[in-house]
Amino acid sequence: KSHYRRAQSKTIMSPWVPATSSLRFQRLLVVIKQTAYEEYSQLKLRGQAPKALRWKRLESRYKSHKKCVNDLLGVLRHHRVEFSCVNRVELDRQHLANVDLVVAVGGDGTVLSAAHFLDHGTIPLLGINSDPISEADRTTVKKKTDERRSHGALCMFTAANMEEGMAKVLYGGGKLSHRNRIQCIVKSTFAETKLVPALNDLLIANPSPAAVSRFRMGWLAPLDLDQSESPPPTMGMPGRSPSLTWPDGSRQFNAQANQETPAPRPEPLSTYGTVTRFGGHAYDIKDSLNVWSSGMWVSTSTGSTAAMAAAGGQKMIPESQDIQYLIREHMIENSLSGEEIKNMNNGMLYPGGQLHLRWNSQKGRIFIDGSHLIHDLELGDEILINSEAPPLQIFTDDA
C-alpha cells in the first residue's frame, strides 16, 4: 500500500489512488443484477407472487445490493471514469462497443451471464459480490454459509472491500487471470451451431429429470478421406485420460502399451465405421460407447468445484487447461465389461482432444453455466466438445 495515497473527497470516504499513475481502464460497462425482490415485486403487481415469500428478508438484501451499486458508481465518478450501466437481463452485445472493462455487480450468476457476451476473450471481466454473508448471519444461520446468498467464487471483491480494490484495478493493479472455457458445437440436420463458451460447466440431459438420457459417446480423430495409404496405428486418442481403458478390446492402451505390446496392423480405410463432419472437416469417431444415464456434466477447472464436485467429480487447480466429464447415474447392465465401463464415467479431456456425442433420445437440452441459457436437442443431433474456446480474462482474488 506504500505507493497508494488517500484522496480527499467529501463524497468518498477512503478511496485509494496511485500517487503517480494513469487510468488503465477508462470506459467501463457495469452489469447490474436484478434482485429477487425486484422480480417478485413485479409478480406481486400481477397477483402471481408466492404466498410464502419473506418480504423483509428480500427487501433487506435488495437494499444491500443497491447500496453496493451506488457506492461503486460513486467510486467511478470520483476517479473520473466513463461508464454506463445495464441490467443483467437486458445485456446485449451492443453495450460492449468501446468498452475496455466489464464489471458485474451481484454474484456468480451475474458474472457468468456477463461472461457469455465476452466470447472473444478480449475484454476483461471483474465480479463484485454485492450481498455477501455478514458476520451477523454467520451466528444466526445453522450452516456455516448461507445458501440464500451467492458464494461469490467468481468475484474479486465484496461490497465491504470494493472501494479500495476497485481503485487498485483502475490504476493497473489486481490479478488478471486467464480461465479456460468449453467450446461446444451442435450439428443438427440442416445447421451447425457454435454455442457461447461455458466458463463453469455444461449439463447435457433430457429436459425431464425423470427420463433417461440416451447418447453415444466417442472421440474424434481428424480424417483425410483422400489419403492413399492407411492411417498409422495409434495407441490412444489425443486428449484422452490415460487412466481410462475402453472395453471394446480393439486397441491396447495404458498398462498394455507400457509392456511394449506389438502395435495393431494398420486398418484399411474401408473399415471406418462412422465418419462425421464439423466445420467442413472430416472426423473418424473412435471408441464409441452407448450410454443410458441421467445425462452428463462437462466442466472446466473453474467449474470443477461447483456442481461437478457435488456430483462426485474431481476438483481441479484453477490454472488447468483440461476439461472434465462425468456421466450421471450411468445404467450399466451386468456384463464382463460392466466394471470397465463404470470406470469410464469420470475422466479428463486434455488440450487437443475432442469429445463427440450423438443424441439418441427424442428430446434433449444443453444447459450452459446454469439454467438461464439453454440449447434444445433433437434425436440425431451431434455434439462436439473441446477446450478451443478463447479463454476469459477475469480478475480474481489474490487470496
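Is Trp359 buried or exposed? Trp359 is buried, with a relative accessible area of 0%. Buried denotes under 20% relative accessible area, exposed over 50%, and partly exposed the range in between, with a 1.4 Å probe and protein chains only.

The model is predicted: local features need pLDDT of at least 70, side-chain atom pairs count only at pLDDT 80 or more, and totals for chains, interfaces and linings use all residues. Residues are numbered from 1 along each chain as its sequence is written, and side-chain values use heavy atoms, with hydrogens and water left out.

Helices (H or I, at least four residues) and strands (E, at least two) are DSSP runs, numbered from the N terminus. Helix 2 covers residues 55-78. The expected span of a helix is 1.5 Å times one less than its number of residues. For the 24 residues of helix 2 this gives 34 Å, and the end C-alpha atoms are 34 Å apart, which agrees. Buried residues of helix 2 include Leu58, Arg61, His65 and Cys68. Leu72, Leu73 and Gly74 are also among them. The cover over these buried residues includes helix 1 (36-45), strand 4 (82-87) and helix 5 (162-170). Contact means heavy atoms within 4.5 Å. Just after helix 2, Arg80 takes a positive phi of about 55°.

Strand 18 (residues 355-359) has four of its five residues buried, so the strand is largely enclosed by the rest of the structure. Two strands pair if DSSP finds at least two bridges between them. Strand 18 pairs antiparallel with strand 12 (residues 213-222) over five bridges. Four bridges join strand 18 to strand 21 (residues 382-386), also antiparallel. Arg358 of strand 18 stands opposite Arg216. Arg358 also stands opposite Glu382 in strand 21.

Strand 15 (residues 296-299) points Met296 and Val298 one way and Trp297 and Ser299 the other, and all are buried. Strand 15 runs antiparallel to strand 11 (residues 201-205), with four bridges. Leu203 has Trp297 as its bridge partner. Strand 15 also pairs with strand 16 (residues 323-327), antiparallel, over four bridges. Here Trp297 stands opposite Leu326.

Ser304 is found in the loop between strand 15 and helix 7 (307-310). Ser304 is buried, at a relative accessible area of 0%. A polar atom of its side chain lies 2.7 Å from the backbone oxygen of Ser301. Beyond its neighbours within four places in sequence, Ser304 is in contact with residues including Ser299, Gln314 and Gln324.

Rings of Phe, Tyr and Trp (its six-membered ring) pair if their centres lie within 6.5 Å; planes under 30 degrees apart count as stacked, over 60 as edge-to-face and the rest as tilted. By this rule the count comes to five aromatic pairs. Phe215 and Trp359 have ring centres 6.0 Å apart and planes at 10°, so the pair is stacked. Phe215 lies in strand 12 and Trp359 in strand 18, so this pair ties together parts that are 144 residues apart in sequence. Phe215 counts as buried at 1% relative accessibility. For Trp219 and Tyr325, the centres are 6.1 Å apart and the planes are at 65°, so the pair is edge-to-face. Trp219 lies in strand 12 and Tyr325 in strand 16, so the pair ties together parts 106 residues apart in sequence. Both Trp219 and Tyr325 are buried.

Ring pairs also link Tyr37, Trp55 and Tyr62 into a cluster. The charged end of Lys44 sits over the ring of Trp55, 4.8 Å from its centre. This term requires NZ of Lys or CZ of Arg within 6 Å of the ring centre and within 35 degrees of the ring normal. Lys187 lies over the face of Phe278, at 5.1 Å from the ring centre.

Notes: A polar contact is a pair of N or O atoms within 3.5 Å; within protein, one must be able to donate a hydrogen and the other to accept it, and residues adjacent in sequence count only if both atoms are side-chain atoms.
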